[in-house]
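Trainee: Please take me through this model. I want to know what stands behind each label.

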Amino acid sequence: MKGPIQVSTATWGFVMAGVVGRDAFDAGRDDSPAGTMDPGQVIRLVALACVTGAAAWACTALTYETGRIASIWVANAVLVAVLLRAPRRNWMVLLAAGLAGDVAGNLVSGDPTTLAFGFAACNGVEILLCVAGLRWLQPHGEVDLTRPRTLMAFCLLAVIAPMFAATLAAVLLALVSGVAPFGILMTWYPADALGLLAVTPLLVSVRIADLRGLFAPGLRVQSLLTFAGLAVVLTSTFLQGRYPLLFLVFPALVFVAFRLGFAGVAVATAMTSAMAVWSILHATGPLALIVGSVRGQVVVLQIFLALMALMSLQIAATLAERQKLSNALNTAKIAAETAQAALVVSEGRYRTLVDTLPQKVWLARPDGEPIFVNGEMTAYHGNVELEPLLHMKLVHPEDLPGFMQARQEAMSSGTGFEVEARLIDRHGNYRWHRLSKRPMRDENGDVVELVGAALDIDDLRRTQDALVEARDRAEAAGRAKADFLANMSHELRTPLTAVIGASELLLSGYGAKDPAKQRRYLEMQRDAGTGLLDIINDILDFSKIEAGQLDLESVSFVLSEMVEACRDVVSDAASRKGIAVTVDIAPTLATRVSGDPLRVRQVLLNLLSNAVKFTPQGGSIRVEVGPASEVDGIRFAVSDSGIGIAQDRLSQLFDRFTQAETSTSRRFGGSGLGLAISRRLVEAMGGTFTVTSVPGEGSVFAFSLVLKADQVVSLRRPVAAQPLSGTSRRLLLAEDSVINQKIIGAMLRQAGHEVMVVGDGAQAVAAARHGDFDLILMDVQMPEVDGYEATREIRQAGISRGAHPIPIIALTANALSDEPDRCRAAGMDLHVAKPVDWPVLMAAIESLTAGAQSSRVVAQVAG
């Protein structure tokens, strides 16, 4: 193990060497003819090879782990930064120099020659994928990772490119050394991805000048205090192993982002990476609390650092982009004010020189009878007769009273006037003009003539109206954003407060002598966690819909069962408020239809939940399901006797993060995403969504879907909770988390089952070979041998329960749409997502062990 000073010094030394080396390459970019190279360029290439080789050696030597694979790989980040700032024609030369250093570093670290060159080639593939991908997205100019769009593209490439390199390296090691490729893949990949995410933004977007700027006279104290505070947080987190304080790091990085911007976050990310790596090497810090091997701790470290880099850098980039927009807005504001001032000056000059300008100008006697009009006026109005009441024909009837009043006041006072009015042109169209008249006096001060002019301001008026409308939209968007942030903060913090508060009360011994009181607090904690999960699921669903990644299925289901199940979900909440919920399903509808029952249920349940939420005590709710008139399908309508919605707010109901009134979210709660998700789900399924409402009387939310009659029972269906037989089963639980081992084991034993617990896939295979189990509960992500591989080995071994293969249920926190297919491919029977829905899990165990299913299916159970 290396000392903390060695680790920190080495890590920071090579990061700063990368910054200095990158700036050196910027200062000496190759502008010489192709095929030539001056001594300075040769020196820079040699320096690049030395920096890359030293970084490769340091990453392997200072964070050495089983299989000679580094926990974090910095060398590729240096080369990516250099290539992004170099002309394309120099990429191969620079890459060759850097990979030469990479080979040297691998050889010094003890790798065989074949592996040293092979690893360097894999790194070259990774580097070229990253650089080429970014340059394809931004072909010209410097790559600016402070732009959120560019940063998101880089993060995506930093996640994808190392996977290709890791796959090649795993194959190479398997061929040369006989090492299992999956372990190498899962160790190499996060190390390379972490190096790119944690170091490349610092090297690409932060120059020496940026680092000096952090300590400029105006920012020096602020920067020192901010980094000192970060150092305190990192020290408190990673230099002790008693308390899991890892959650303090991300708020500290967010604070750095707000205080010091992108450069500060890049530096802070490197600091955090160095300290985290040191803590793993010395078996201290919160990661040391994780039960398992050092490799497992390293994996957790890599995931933490990668997520930290992704989130903190994205926040910093968003703040930088917002600052740019703010600066642009201030510049535009100053320009607008300058333009407005110039317009005032211009109007003053116009009033002075109006008789010399080619505008609509006329002369009139003191009583208003015109005696002269200029050519511009004739061209606009056509040939007009000079008569006393000419203005009656030219001014728009709606503007005539204001014009006449101003004219009369001017005649009474003997002064001029200005008024805006619409004047008709020769084609019968009206345009806005600024009309003005000034008196001409003789030597005695008497008015002898009036000089009038008309300035066309129609385009100006339209521009002003457009600016006002744009300003109103911007202000409304700002208010909506602020309301959403406040509401979402409330919605997240409220259940978190309940979870943390209840935990602290129980840990302190509160209610130790009163089991009923302890149960109430545990129920509060469970309900708060469920509410928080609902909010997170809403946000994830909306993100999938917005990204066009929503997966829909078409299976057969019983329509009445789905509708009744939705009513049962809200029945308790409705009964507490004395609300009657009735269901009316048209008898002419087919009993079984085909569609996506999960999404239909989600929409209907959202409408029912809203109806219960907004219906007062003693109200009523009615669910009607019948034929749809607008489409050849089924119409679902939920009517309530609730508070209703004003007509002018109906159009905004389906905007994301919006409720009918801002006060509504404070009174009733909710994220404001439910209806937006529901309408988009209905539209994604090819249906329509409508709403009618009367304030104070209630609302009717309805949606129509094309659900064809279906008499075929689909084998791919979710598991539903069923009454349990109470039969005790012998179960094998494979779970690497000690906490989950205890909780899941306790719940299963409480249900009357006998449970054996193992900590990884290898132990699960061994136990299945020698034990007599009715069913296996298999965690998917475990160290050494994961759940997929363990299941494949069990199936290949032919381990059975009687005449049938032993049932295996997958337990995983990965609730993505493709996870059930992966489980099915591995040989599992069911997929249950975490957090576990216990009634559903118990019913699944009962169903599989009782032989209720005629064939193995994979169903995703929403957790």
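Mentor: Start with helix H3 (residues 75–84) and helix H5 (residues 113–137), whose axes lie 10 Å apart at an angle of about 40°. This is a predicted model: local features need pLDDT of at least 70, side-chain atom pairs count only at pLDDT 80 or more, and totals for chains, interfaces and linings use all residues. Residues are numbered from 1 along each chain as its sequence is written, and side-chain values use heavy atoms, without hydrogens and water.

Trainee: Why is the crossing of H3 and H5 called right-handed?

Mentor: A crossing is right-handed if the near helix is turned clockwise from the far one by less than a right angle, and left-handed if anticlockwise. H3 passes H5 in the right-handed way.

Trainee: Which residues of H3 meet H5?

Mentor: Asn-76, Leu-79, Val-80, Leu-83 and Leu-84 do. Contact means heavy atoms within 4.5 Å. Their partners in H5 include Ile-127, Leu-128 and Val-131.

Trainee: What makes strands S3 and S4 a pair?

Mentor: Two strands pair if DSSP finds at least two bridges between them. Eight bridges join S3 (residues 417–424) to S4 (residues 430–441), so they pair. The strands run antiparallel. One of the bridges links Glu-420 to Arg-434. Five residues separate the strands in this hairpin, and Gly-428 in the turn has a positive phi of about 90°.

Trainee: Where does pLDDT stay under 50?

Mentor: Over residues 1–34. pLDDT is the predictor's confidence in each residue, from 0 to 100. Residues 712–724 are also below 50. Where pLDDT is low, the predicted coordinates should not be read in detail.

Conventions:
Axes fitted to C-alpha atoms, helices over the stretch in contact; angles between N-to-C directions. Helix = DSSP H or I, 4+ residues; strand = E, 2+ residues; numbered from the N terminus.
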